[in-house]
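Subject: Structure for you to look at

Hi,

Here is the structure I promised to pass on. Have a look at it first, and then read my notes below.

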Amino acid sequence: MSDRLYIFDTTLRDGEQVPGCQLNTVEKIEVAKTLEALGVDVIEAGFPVSSPGDFNSVVEISKAVTWPTICALTRAVENDIRVAAEALKYAKRGRIHTGIGTSDSHIKYKFNSNREEIIERAVAAVSFAKRFVEDVQFYAEDAGRTDNEYLARVIEAVIKAGATVVNIPDTTGYCLPSEFAAKIKYLVDHVDGIDKVTIATHCHNDLGMATANTMSGIIAGARQAEVTINGIGERAGNTSLEEVVMAFKSHRELGIETNINTQHIYGASRLVSNLMNMPVQPNKAIVGRNAFAHSSGIHQDGVLKNRESYEIIDPKDVGIDENSIVLTARSGRAALKHRLHILGIELTKEQLDKTYEAFLRFADKKKEITDDDIMMLAGKHHASTRRIKLDYLQVTSGVGVHSVASVGLDIAGEKFEACASGNGPVDAAISAVKNIIRRTMTVKEFLIQAISRGSNDVGKVHITVEHDGVQYYGFSANTDIIAASAEAFIDAINKFAK
Ligand code: KIV
Ligand code: ZN
């Protein structure tokens with residue numbers, strides 16, 4: 001068995017399914033190019049039949065990247081497969097990922113079917129996909145809770161039908177590492193033809209065991225790990241790319257190698273976190289803010305004497321350069337460009353000019369500019385194309401007085417103004433915006449997060465607004481949290497007030 005582990009990244013499919021994490025096509029291309037530079041083998045670019053946006057993203061990503069295989073998800077439905085094949089037509093190497101639920105609960109409640117019929121549908125889907133592409137991956141959804149004997153029958157049947165990769169998802173994150181390893185080993189030992197295909201793991205993190213299960217599956221014989229950057233994904237997320245890659249890199253005795261250029265890990269993590277507005281928890285392994293921070297005196301002393309006393313990974317190996325220059329108001333455009341490059345962001349000259357202007361304005365308010373700030377500033381050139389923009393905001397608030405806000409909006413070039421009062425400055429600002437927009441809408445969720453250190457830091461605001469029974473997500477970051485709140489509200493409104 002080869003010791004090469006293929007990395008299949010599903011940040012743009014399973015990761016992007018998370019409410020509030022949706023990206024536009026330009027942003028998805030940016031992530032796909034970063035994944036290519038990182039060295040992933042397969043990019044799952046979307047589920048083309050699910051929406052025209054997803055279809056288009058698969059088309060554009062196929063055109064934009066060269067080396068990784070581009071994969072498109074389908075159900076075991078002919079039309080899904082036809083649409084996926086169409087979306088993949090520009091891919092240099094295209095793969096269709098089709099499948100069906102195989103656990104008793106999926107068979108009974110999702111499909112109202114029986115085991116034999118599910119095998120027939122799985123085989124039919126793989127055979128149909130083979131008409132369009134050579135590389136067909138089959139997933140047995142909820143394989144984690146599927147009994148091994150039946151799972152082996154399904155997998156043997158789809159291999160006979162031409163599947164090149166067989167994916168064994170622990171869809172609900174239910175398995176224990178020993179159980180998941182035994183499942184993979186059972187397939188290795190009992191399925192005819194399994195040595196001719198690649199076995200894939202696809203583990204969810206509901207019990208916090210996604211990485212452990214993936215590692216166990218690989219050690220038991222799987223050779224493709226399905227992962228996302230920062231472990232983002234439905235519910236508690238998917239297996240995180242950085243954890244699996246660095247675990248195998250740290251444990252060389254296991255003899256498993258990937259094609260990942262680990263020095264790009266940190267940049268990819270920041271890019272995904274910022275574009276998807278999904279903060280990375282500070283204690284997240286490998287890429288969290290505290291992953292390499294030693295605060296206790298004993299640890300600091302040990303690390304200063306010899307890093308390896310308390311660190312198993314050199315931060316530079318994952319692209320964290322602690323000696324990197326801190327940017328300030330005196331930093332030039334070249335320093336900003338260099339930092340953006342390290343973070344995996346390449347801007348056109350015009351975008352760089354705009355980002356640099358924003359950087360200088362920002363640096364007036366904040367002494368030291370962090371990577372998070374830079375990513376946020378670089379992301380603003382995407383926001384500047386919005387139809388409704390905040391022109392100005394003035395708020396009076398304090399203890400013992402009523403909060404009042406005046407707001408100016410630029411709507412497709414036309415200027416509008418309004419005032420409102422509220423039970424606090426954010427409420428007043430949001431009411432003033434509502435007085436201009438005049439549509440029925442309700443704020444469903446509102447979250448302010450201070451990012452890290454001092455009181456001069458950036459606050460990030462996530463907001464969910466309901467309009468006509470549909471929920472829209474908005475985000476902004478600003479050193480002024482009232483402005484961030486109004487901007488996030490406007491960001492959400494932009495998604496329905498076309
Ligand atoms: O978790 C899962 O089962 C999936 C499949 C569609 C591969 O995401
Ligand atoms: Zn999944």
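Predicted model: local features only at pLDDT ≥ 70, side-chain atom pairs only at ≥ 80, totals over all residues.

Let me start with Arg75, which counts as partly exposed at 45% relative accessibility. Arg75 makes a salt bridge with Asp80, with the closest N and O atoms 2.8 Å apart.

Another one joins Glu44 and Arg13, at 2.9 Å from N to O. Glu44 sits in strand 2 (residues 42–46) and Arg13 in helix 1, so this pair ties together parts 31 residues apart in sequence. Both Glu44 and Arg13 are buried. They also belong to a network of salt bridges that links Arg13, Asp14 and Glu44.

Asp14 brings us to the metal. Which residues hold the zinc ion (ligand 2) as protein donors? They are Asp14 (OD), His202 (NE2) and His204 (NE2), lying 2.0 to 2.1 Å from the zinc. Asp14 is in helix 1 (residues 11–15), while His204 is in the loop between strand 7 (198–203) and helix 9 (210–219), 190 residues apart. Asp14 is buried, with a relative accessible area of 3%, and His204 is buried too, at 5%.

Lys160 is exposed, with a relative accessible area of 66%.

Cheers

Terms used. Residues numbered from 1 in each chain as written. Chains lettered and ligands numbered in written order. Heavy atoms only, no water. Donors = N, O, S within 2.8 Å, 3.2 Å for Na, K, Ca; no water. Helix = DSSP H or I, 4+ residues; strand = E, 2+ residues; numbered from the N terminus. Buried < 20%, exposed > 50% of the residue type's maximum accessible area, 1.4 Å probe, protein only. Salt bridge = Lys/Arg side-chain N within 4 Å of Asp/Glu carboxyl O.
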